[in-house]
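Colleague: I would like to learn how to read helix packing from a model. Can we take one case step by step?

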Amino acid sequence: MNWDQVEGNWKQLKGKVKEQWGKLTDDQLDVIAGKRDQLAGKIQEVYGVTKEEAERQLADWEKH
């Protein structure tokens with residue numbers, strides 16, 4: 001998945017992100033606005049995982 005496309009289609013993809021990471025709020029997702037590094041950081045913060053684990057989860061999500 002191309003992150004330029006993700007940023008461009010963020011409003012549509014926000015629902016899919018919310019399905020995967022349900023603890024993220026709509027306000028947090030609005031601030032993230034499709035930026036991969038911000039999404040990874042927020043996953044790390046909210047879920048209490050390492051940076052590597054957040055990156056792995058994002059990579060798995062990108063494949064689907």
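Colleague: Is the crossing of H4 and H5 left-handed or right-handed?

Modeller: A caution to start: this is a predicted model. The crossing of H4 and H5 is right-handed.

Colleague: At what angle do the axes of H4 and H5 cross?

Modeller: Roughly 120 degrees, and the axes come within 9 Å. Angles of 65 to 115 degrees count as roughly perpendicular, and those over 145 as roughly antiparallel. H4 and H5 are therefore oblique to each other.

Colleague: Which residues in H4 and H5 meet?

Modeller: On the H4 side, Arg 36, Leu 39, Ala 40, Ile 43 and Gln 44. Their partners in H5 include Lys 51, Ala 54, Leu 58 and Glu 62.

Colleague: Is Lys 51 buried or exposed?

Modeller: Exposed means over 50% relative accessible area. Lys 51 has 52%, so Lys 51 is exposed. Its C-alpha atom is 7.3 Å from that of Gly 41, 10 residues apart along the chain.

Colleague: What span should helix H5 have?

Modeller: Count 1.5 Å a residue. Helix H5 covers residues 51–63, 13 residues, so it should span 18 Å. Its end C-alpha atoms are 19 Å apart, which agrees.

Colleague: Which residues of H5 are buried?

Modeller: Ala 54, Gln 57, Leu 58, Trp 61 and Glu 62. Seen down the axis of H5, they fall within an arc of 140 degrees, so they line one face of the helix. The face turned away from that buried side carries the exposed residues Glu 52 and Lys 63.

Colleague: What covers the buried residues of H5?

Modeller: The cover includes helix H1 (3–8), helix H2 (10–20) and helix H4 (36–47).

Key: Residues numbered from 1 in each chain as written. Predicted model: local features only at pLDDT ≥ 70, side-chain atom pairs only at ≥ 80, totals over all residues. Heavy atoms only, no water. Helix = DSSP H or I, 4+ residues; strand = E, 2+ residues; numbered from the N terminus. Expected span 1.5 Å × (residues − 1). Buried < 20%, exposed > 50% of the residue type's maximum accessible area, 1.4 Å probe, protein only. Arc of directions from axis to C-beta. Contact = heavy atoms within 4.5 Å. Axes fitted to C-alpha atoms, helices over the stretch in contact; angles between N-to-C directions. Parallel < 35°, antiparallel > 145°, perpendicular 65-115°, else oblique. Left-handed = near helix turned anticlockwise from the far one by under 90°.
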